[in-house]
Amino acid sequence: MSHLSRVECHVADLDALEQAANNREADLVRDVPTFVAFTKNNKCAHVIRLRNKPKGAYEVGVIKREDGTFDLSCDQDYGSGYDLARQFGRNLDGLVTEYTACVDENLLRKRGYRVRREINESAHIRLVATI
């Protein structure tokens with residue numbers, strides 16, 4: 001039985017995804033053709049690995065779409081997949097939210113704004129931009 005979940009999030013900016021992974025204590029490792037999960041031979045373009053985990057710990061696969069953007073896939077329902085759920089949120093919601101914030105933050109800075117992050121008690125990210 002497959003435990004893999006695929007999150008269709010259309011990641012277009014790998015640098016922002018790398019920044020989001022870093023903000024969540026993980027690393028984007030580029031050009032890795034398979035990711036670790038309960039099932040074997042899970043094809044991908046890149047992986048996101050949690051820091052300080054042993055070799056063989058489950059990873060998030062960054063899957064290339066036909067349009068050139070990327071989706072995310074992982075196993076959060078078995079073994080070290082529980083660590084992925086704790087770090088990135090169920091269905092990778094926390095990682096996707098972090099990615100979106102990084103994209104927006106980078107765009108605002110590129111347009112000349114100063115950006116400050118505020119995170120409330122529910123872990124929601126608010127970006128405050130000033131000139």
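This is a chat about a predicted model of one protein chain.

Biologist: Before we start, what kind of model is it, and what cut-offs apply?
Modeller: The model is predicted, so local features need pLDDT of at least 70 and side-chain atom pairs count only at pLDDT 80 or more, while totals for chains, interfaces and linings use all residues. Residues are numbered from 1 along each chain as its sequence is written, and side-chain values use heavy atoms, with hydrogens and water left out.

Biologist: OK, how many helices and strands are there?
Modeller: The chain has 3 helices and 9 strands. Those are DSSP runs numbered from the N terminus: helices are H or I with at least four residues, strands are E with at least two. In sequence order the pattern reads β-α-β-β-β-β-β-β-α-α-β-β.

Biologist: And why does the radius of gyration agree with a compact globule?
Modeller: Because a compact globule of 131 residues would come out near 14 Å, and the chain has 15 Å. That radius is over C-alpha atoms, and the globule rule is 2.2 Å times the number of residues to the power 0.38. Along the principal axes, the C-alpha atoms fill a box of roughly 50 × 35 × 25 Å.

Biologist: What share of the residues is buried?
Modeller: 38% of the 131 residues. Buried is under 20% relative accessible area, exposed is over 50%, and partly exposed is in between, using a 1.4 Å probe and protein chains only.

Biologist: Let's go to helix H2. Which of its residues are buried?
Modeller: H2 covers residues 81-88, and Gly81, Asp83, Leu84, Ala85 and Phe88 are buried.

Biologist: What do they pack against?
Modeller: Helix H3 (93-110), plus strands E2 (26-30), E5 (46-50), E6 (60-64) and E7 (70-75). A contact there means heavy atoms within 4.5 Å. Just after H2, Gly89 has a positive phi of about 90°.

Biologist: Switching topic, how many aromatic pairs are there?
Modeller: The count is 1. Phe38 and Tyr78 sit edge-to-face, 4.6 Å centre to centre with 75° between the planes. The rule takes rings of Phe, Tyr and Trp (its six-membered ring) with centres within 6.5 Å; planes under 30 degrees apart are stacked, over 60 edge-to-face, the rest tilted.

Biologist: Where in the chain are those two?
Modeller: Phe38 is in the loop between E3 (34-35) and E4 (42-43), and Tyr78 is in the loop between E7 and H2, 40 residues apart.

Biologist: How accessible is Phe38, and what about Tyr78?
Modeller: Phe38 is partly exposed at 34% relative accessible area, and Tyr78 is partly exposed at 41%.
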